[in-house]
Amino acid sequence: MPLRNKKIILGISGGIAAYKAAELTRLLVKAGADVRVVMTAAAEAFITPMTLQALSGHEVRGALFDPAHEAAMGHIELARWADLIVIAPASANTLARLAQGLADDLLSTLCLANPNPVMAAPAMNQQMWTHPATQRNMSLLTQRGVQLIGPASGEQACGDTGPGRMEEPATILAAVTAHFGEQQLAGRKLLLTLGPTREPLDPVRFLSNRSSGKMGMALARAAVNAGADVTIVAGPTALPEPQGVKRINVETAAQMHHHVMQEAAGKDIFIATAAVSDYRAADISAQKIKKSAEQIELTLVKNPDILADVSASFPQLFCVGFAAETQDLEKHARDKLTNKRLDMIAANPVNDGLGFDRDDNSLEVFWPGGQQSLPVSSKQQLAAALIELLANHYNKDHKRHASD
Ligand code: C5P
């Protein structure tokens with residue numbers, strides 16, 4: 001029960017994602033938290049207080065000056081009671097009002113009257129999210145210490161696609177748990193590659209693969225939650241990086257190699273989740289390759305192995321690799337562990353529809369002399385479990401090196 005004895009106000013504002021607040025309430029309660037739900041007037045257009053009352057086990061509060069509630073626990077008392085305020089979904093309007101320091105309803109008043117941190121999971125149309133007014137409000141709020149969870153990117157209820165989807169309840173729960181938990185990687189510098197690479201053939205075509213970058217981004221978030229200072233070198237992916245992460249965008253394996261070798265100096269941990277193209281075109285045609293012959297030949301040359309080069313050049317780094325395999329998982333993973341001189345490798349089966357561009361996955365983790373299975377779950381839960389395992393090993397190893 002990671003949230004036992006934790007007192008949490010869950011603020012729900014108006015947006016279609018409010019229906020997911022029911023699941024979030026259930027997860028927070030299941031994790032042991034004492035949850036009091038506060039809804040804005042707009043939230044009640046999307047989900048009924050009765051649902052949240054049943055799930056939280058407490059009456060839901062809405063109005064600022066409700067005589068019955070004020071007699072039981074006044075709004076200032078409620079604000080003092082909470083260890084944490086989580087706003088999910090946080091609408092553009094609610095975030096704007098928080099940025100301005102308004103106190104014209106119960107939720108905004110509680111945010112002003114509570115000295116503890118506020119976490120917010122924004123949810124809105126992508127145009128509203130990218131609007132300079134919202135972006136300015138967000139930078140004001142983050143400067144003030146409000147911790148953002150998301151937003152995620154993807155299909156929206158309004159039919160648009162882009163950033164502004166509320167993070168999944170499991171991801172919000174992971175961030176809340178991490179907020180209260182021991183930060184196992186506090187002060188550690190972590191470098192991570194993610195996504196596919198693109199190897200150009202001519203000005204309009206390239207070789208690439210099905211990697212979405214989801215697992216890498218989930219790991220970056222889990223590492224931030226564990227207190228690490230995270231830098232990512234990302235192949236082409238539209239996924240937004242978690243708050244506080246330094247991001248370097250690249251296209252080709254050669255660019256990824258170059259930036260990783262530059263960034264690796266001074267880091268403590270390296271995780272290679274990128275699906276790096278093993279080969280690139282020997283010659284990139286300066287002009288678009290024309291359709292004429294029945295058959296054409298492409299000559300491919302090998303790309304540098306980024307992970308192997310990092311582990312050879314920076315022996316102090318704790319190096320973690322990934323192995324996506326369709327067969328003989330353990331054998332191939334253990335071979336890579338040895339050949340690339342890694343501290344740990346996470347292998348995942350990529351047949352049976354698992355693996356690439358999915359929201360769930362399973363991992364078999366190997367290290368010299370041991371292994372552990374992480375069963376199928378959401379990539380965010382899996383990432384949190386892998387970071388915890390990695391941190392346990394890293395901290396043990398690090399202590400050993402320190403006393404050498
Ligand atoms: O040898 P294989 O490609 O299966 O190894 C997978 C692991 O090596 C992954 O961690 C991947 O990110 C990394 N890798 C790399 N550079 C390459 C190829 C793979 O960093 N050129």
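This is a predicted model: local features need pLDDT of at least 70, side-chain atom pairs count only at pLDDT 80 or more; totals for chains, interfaces and linings use all residues.

I started at the ligand: one of its nitrogen atoms sits 3.0 Å from a polar backbone atom of isoleucine 306. I am counting a polar contact as a pair of N or O atoms within 3.5 Å; within protein, one must be able to donate a hydrogen and the other to accept it, and residues adjacent in sequence count only if both atoms are side-chain atoms. Proline 304 puts a backbone N or O atom 2.8 Å from a nitrogen atom of the ligand. For leucine 307, I found a polar backbone atom 2.9 Å from an oxygen atom of the ligand.

Residues are numbered from 1 along each chain as its sequence is written, and side-chain values use heavy atoms, with hydrogens and water left out.

Which residues come nearest to the ligand? Of the 13 around it, they are Ala272, Ala274, Pro304, Phe322 and Lys336. (Around means a heavy atom within 4 Å.)

Next, helix packing. I looked at α11 (residues 253–264) and α12 (residues 306–313), which pack at about 20° with axes 10 Å apart. Helices here are DSSP runs of H or I, at least four residues, and strands are runs of E, at least two, numbered from the N terminus. Axes are lines fitted to C-alpha atoms, for helices over the stretch in contact, and angles run from 0 to 180 degrees between N-to-C directions. That angle makes α11 roughly parallel to α12, the term for angles under 35 degrees. On the α11 side the contact (heavy atoms within 4.5 Å) is made by Ala253, Met256, His257, Val260 and Met261. Ile306, Asp309, Val310 and Ser313 make it from α12.

I then checked α1 (residues 20–30) against α2 (residues 49–56): their axes come within 9 Å and cross at roughly 15°. So α1 is roughly parallel to α2 as well. Here Ala21, Ala22, Thr25, Arg26 and Val29 of α1 meet Thr51, Leu52, Leu55 and Ser56 of α2.

Most residues other than glycine have a negative phi, and most peptide bonds are trans. I found a cis bond between alanine 88 and proline 89, omega about -5°, with proline 89 in strand β3 (residues 84–90). Glycine 150 and proline 151 are also joined by a cis bond, omega about 10°. Proline 151 is in the loop between β5 (147–148) and β6 (152–155). Asparagine 5 is not a glycine, yet has a positive phi of about 70°.

Technical notes. Angles under 35 degrees count as roughly parallel, over 145 as roughly antiparallel, 65 to 115 as roughly perpendicular and the rest as oblique.
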